[in-house]
Amino acid sequence: MPYVDGFLAAVPTANREAYKTHAANAWPIFKDLGAIALWECWGDDVPDGELTSYLKAVQAKEDETVVFSWTVWPDKDTRDAAWSKMMSDPAIGEAMGDMPFDGKRLIYGGFQPLMVAGEMPAV
């Protein structure tokens with residue numbers, strides 16, 4: 001069963017292209033480690049809520065944009081092996097470069113699909 005890693009981050013709006021480059025550099029690494037797909041989505045219509053919101057979740061500042069991202073793996077075992085390799089191999093970190101955002105406010109987690117409907121269009 002496929003497995004999904006989800007990410008939410010506040011990225012300085014001025015770093016949009018740097019973030020896109022960072023993600024583009026990460027994809028070949030993720031793919032080589034078994035990932036099926038990577039989606040990076042730049043916030044376009046992200047309202048602030050009274051109690052909760054994407055903006056509040058990542059403590060986004062006025063000059064930051066929320067990014068919603070996910071990686072699809074063929075299964076949890078492949079994902080776990082990939083993360084283990086990424087965390088233990090310094091060459092992977094060097095290849096990906098510095099994160100163009102505050103990683104302390106990054107929210108991430110692994111998810112088992114509950115239901116999938118339709119198809120994801122190519123961008």
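1. Helices here are DSSP runs of H or I with at least four residues, numbered from the N terminus, and in this predicted model the place of Trp-27 is in one of them, helix α1.

2. Helix α1 covers residues 16–32, and its 17 residues should span 24 Å at 1.5 Å a residue, which agrees with the 25 Å between its end C-alpha atoms. Just after α1, Gly-34 takes a positive phi of about 115 degrees.

3. The buried residues of α1 are Tyr-19, His-22, Ala-23, Ala-26, Ile-29 and Phe-30, and among the elements that cover them are the strands β1 (3–12), β2 (37–42) and β3 (64–73), together with the helices α3 (76–88) and α4 (90–96). An α-helix has 3.6 residues a turn, so residues three or four places apart point the same way.

4. Trp-27, by contrast, counts as partly exposed because its relative accessibility is 25%, and buried would require a value under 20%. Leaving aside residues up to four places away in sequence, Trp-27 touches Ala-35, Ile-36, Ala-37 and Leu-38.

5. The largest nonpolar core has 10 residues in all, including Tyr-3, Ala-35, Trp-73, Met-86 and Met-96. Two or more of its residues come from each of α1, α3 and α4, with the largest share, three residues, supplied by α1. Within this core, Phe-30 touches Ala-35, Thr-71, Trp-73, Met-86 and Met-96, again not counting residues up to four places away in sequence.

6. There is also a second, separate core of five residues, among them Val-11, Tyr-19, Val-67 and Phe-101.

How values were computed
Residues numbered from 1 in each chain as written. Predicted model: local features only at pLDDT ≥ 70, side-chain atom pairs only at ≥ 80, totals over all residues. Heavy atoms only, no water. Expected span 1.5 Å × (residues − 1). Buried < 20%, exposed > 50% of the residue type's maximum accessible area, 1.4 Å probe, protein only. Contact = heavy atoms within 4.5 Å. Core = buried A, V, L, I, M, F, W, Y, C linked by side-chain atoms within 4.5 Å.
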